Amino acid sequence: AYLEIDQAGLLNSFISKQNASDGGGNIAVAAQQGESNAILLDQSATAGSVNTAMLAQQGSGNQMQLGQNGSDNRAELVQLGDNNAMTATQNGTANQLRWVQNGSGLSDLQIVQSGNQTMSITQSNGGS
């Protein structure tokens, strides 16, 4: 399953659930710019399938929730400016998470990973 979303302005939001079976995989790429923002993404895959998410929000209300179940979960979550908040859950083996926030309200850092994992977290508050 492949999903690509690009939203600019006003009351942005999207909710998606992706499921992959043997040999398949889930890929989600999303960008939101300005206004209320919201992303809720759930990805599930069977063994041998890969979950990949690249999610970015720039400016305004922000909020992001990502859930990944399966093996080889990979996620890059980026928020730049305003109210911010991110939650990431990765269950399975070979998890990779890159979490970047830069400015404004930042977040509660709700991160849950089970299995092998690699994590890179950057959080700052220089404003936007």
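Which residues of the largest nonpolar core touch the most other members? Look for I39, L41, L55 and L77. They belong to a core of 16 residues. The elements that give two or more residues to it are β3 (25-33), β4 (39-45), β5 (50-58), β6 (64-69), β7 (71-80), β8 (86-91) and β9. Keep in mind that this is a predicted model.

Start with I39. Leaving aside residues up to four places away in sequence, I39 touches F14, A30, Q32, L55, A56, Q57, Q63, M64 and Q65. One of these contacts, L55, is also on the list of core residues that touch the most other members.

Now move to strand β9, which covers residues 95-102. N95 lies in this strand. Is N95 buried or exposed? Its relative accessible area is 1%. Buried means under 20%, so N95 is buried. What does its side chain meet there? The side chain of N95 makes a polar contact with the side chain of N73, at 2.8 Å. N95 also touches Q90, Q113, S114, G115, N116, Q117 and T118, again not counting residues up to four places away in sequence.

Take I121 as the example. I121 lies in strand β11, which spans residues 117-124. How does I121 count, at 41% relative accessibility? The partly exposed class runs between the buried limit of 20% and the exposed limit of 50%, so I121 counts as partly exposed.

Note on methods:
Residues are numbered from 1 along each chain as its sequence is written. This is a predicted model: local features need pLDDT of at least 70, side-chain atom pairs count only at pLDDT 80 or more; totals for chains, interfaces and linings use all residues. Side-chain values use heavy atoms; hydrogens and water are left out. Helices (H or I, at least four residues) and strands (E, at least two) are DSSP runs, numbered from the N terminus. Buried means under 20% relative accessible area, exposed over 50%, partly exposed in between (1.4 Å probe, protein chains only). A polar contact is a pair of N or O atoms within 3.5 Å; within protein, one must be able to donate a hydrogen and the other to accept it, and residues adjacent in sequence count only if both atoms are side-chain atoms. Contact means heavy atoms within 4.5 Å. A nonpolar core is a set of buried Ala, Val, Leu, Ile, Met, Phe, Trp, Tyr and Cys residues joined through side-chain atoms within 4.5 Å.
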